[in-house]
Amino acid sequence: MRPKVIGPYRVLETLGSGGIGTVYRALDSRTNDPVALKLLTGGPAMDSRAARRLVREFETLADLSHPNVVKVYDTGVFQSSPFLVMELIEGLTLRDYLSLRGEELLSPASGSSGSGLFRRSEGPASSGGSTSMEAVSGRELESGEARPLPFDLSAFAEEAPSDELAPSMRFGTSGSAAVLPVPMDPWLGSDSDEVDPLDFELPYDVTEPGTEPVKREPAARLEELNRPERVGRLKDAMLQVCEALAYIHAHGLVHRDLKPSNVMVDEDRQVRLMDFGLAKFLADDAGMTLDGRMVGTFRYMSPEQILGEPLDGRADLYSLGVIIYELMSGRPPFDAKSPVDLWHKVLETEPPPLLALNQRGDAQLARVAHRLIRKEPDDRFQTAEEVYEALSE
Ligand SMILES: Nc1ncnc2c1ncn2[C@@H]1O[C@H](COP(=O)(O)OP(=O)(O)OP(=O)(O)O)[C@@H](O)[C@H]1O
């Protein structure tokens, strides 16, 4: 049941639930400021002493300050569960942000009250305990995590990429990507303008032993994934994630659970990295919680994280590569029915070339993604700054 009050915070509604806790919209009764409060009830069971110890570790997060990293204001313990009080982001998760289309945003339903597109309905808790939502008009967002939109959706209205991306967006002209040259080498890509995209053969024969079979999304879906405005948003969001990662890595933190739902975009299109550092605090050095559960989301985990090896920022860069790959092709580089099969694939096989899955995909993003998901950390980009540069070229 939703608590009414947690410390000095008045709980107003449930924003969502994940593997390690539930996030509430709350009000700081001392200042009347709205906040997001994450109550960690889904991690390892702990007594209040262990919770207090964890809270002391969380306090270091409050010292961090970066425009692309969600601000942590306060921490505390509620009924033996630690909680974090954060900046409330009035926005969307990355996946939902990318899936929005101009005509939906500009429809009369999307009034500034934000009540037009979706209405919240408190349903029975799903396996993850998430709040269920009901689409009132328009379509449900891609992730199925529809939530009331507290701002005018026209803030995300589609514009021609060239107008939209310059000068406020930080990537170069190549970023706006209409139809992009198809690379000579589907593994690495090439920027050659001389290759006719339509002449490109699907590289079934280039798949190496142990390579995942090429299973493409339907053409209409690929067209949607390649909408220039969407590609522009993806690139800009990735650049902002790089800035956030560079900052947290410089502060000795590894995110360990980077995935699309941990990236939020506000109405000014400013990206916030969420949940950084939590995984580390909840895990011991081998990346396991006290009850033996692995910390992190399997699909985005690097080989070294799967193997329980010591991690550095390059593990986050691997996760970033999986995110780009998935958001470009509509499917993750490795997929399996069980975690063990998935780990086997991540450790042993090569993913299909992105540009075989999505022939008209953005070659620059594809090259960056493939370099990021190399199995050996030494073979990847080594820092978030390097990724930023590669995406800005
Ligand atoms: N600071 C915030 N401001 C606004 N909404 C937030 C904030 N933090 C989280 N949320 C919302 O709450 C939802 C649940 O967040 P939570 O971090 O618990 O889950 P998750 O990231 O989906 O999964 P997991 O915790 O397993 O990584 C998010 O998807 C997001 O929509």
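1. Val263 sits in strand 10 (residues 263-266). Strands are DSSP runs of E, at least two residues long, and helices are runs of H or I of at least four, both numbered from the N terminus. The model is predicted; local features need pLDDT of at least 70, side-chain atom pairs count only at pLDDT 80 or more, and totals for chains, interfaces and linings use all residues. Residues are numbered from 1 along each chain as its sequence is written, and side-chain values use heavy atoms, without hydrogens or water.

2. Val263 is buried, at 1% relative accessibility. Buried means under 20% relative accessible area, exposed over 50%, and partly exposed in between (1.4 Å probe, protein chains only). Leaving aside residues up to four places away in sequence, Val263 touches Leu92, Thr93, Leu94, Val241, Leu258, Val271, Arg272, Leu273 and Met274. Contact means heavy atoms within 4.5 Å. Val263 and Val69 are 194 residues apart in sequence, yet their C-alpha atoms are 9.3 Å apart.

3. Lys38 belongs to strand 4 (residues 33-39). Lys38 is buried too, with a relative accessible area of 7%. Its side chain makes a polar contact with the side chain of Asp275, at 2.8 Å. Such a contact is a pair of N or O atoms within 3.5 Å; within protein, one must be able to donate a hydrogen and the other to accept it, and residues adjacent in sequence count only if both atoms are side-chain atoms.

4. Helix 9 (residues 313-329) and helix 12 cross at roughly 140 degrees, their axes coming within 8 Å. Axes are lines fitted to C-alpha atoms, for helices over the stretch in contact; angles run from 0 to 180 degrees between N-to-C directions. The pair is therefore oblique. Angles under 35 degrees count as roughly parallel, over 145 as roughly antiparallel, 65 to 115 as roughly perpendicular, and the rest as oblique.

5. Gln364, Leu365, Val368 and Leu372 of helix 12 meet Val387, Ala390, Leu391 and Ser392 of helix 13.

6. Overall, the protein has 13 helices and 11 strands. Of its 393 residues, 54% are buried. Among contacts with a separation of 6 or more, 64% join residues 24 or more positions apart.
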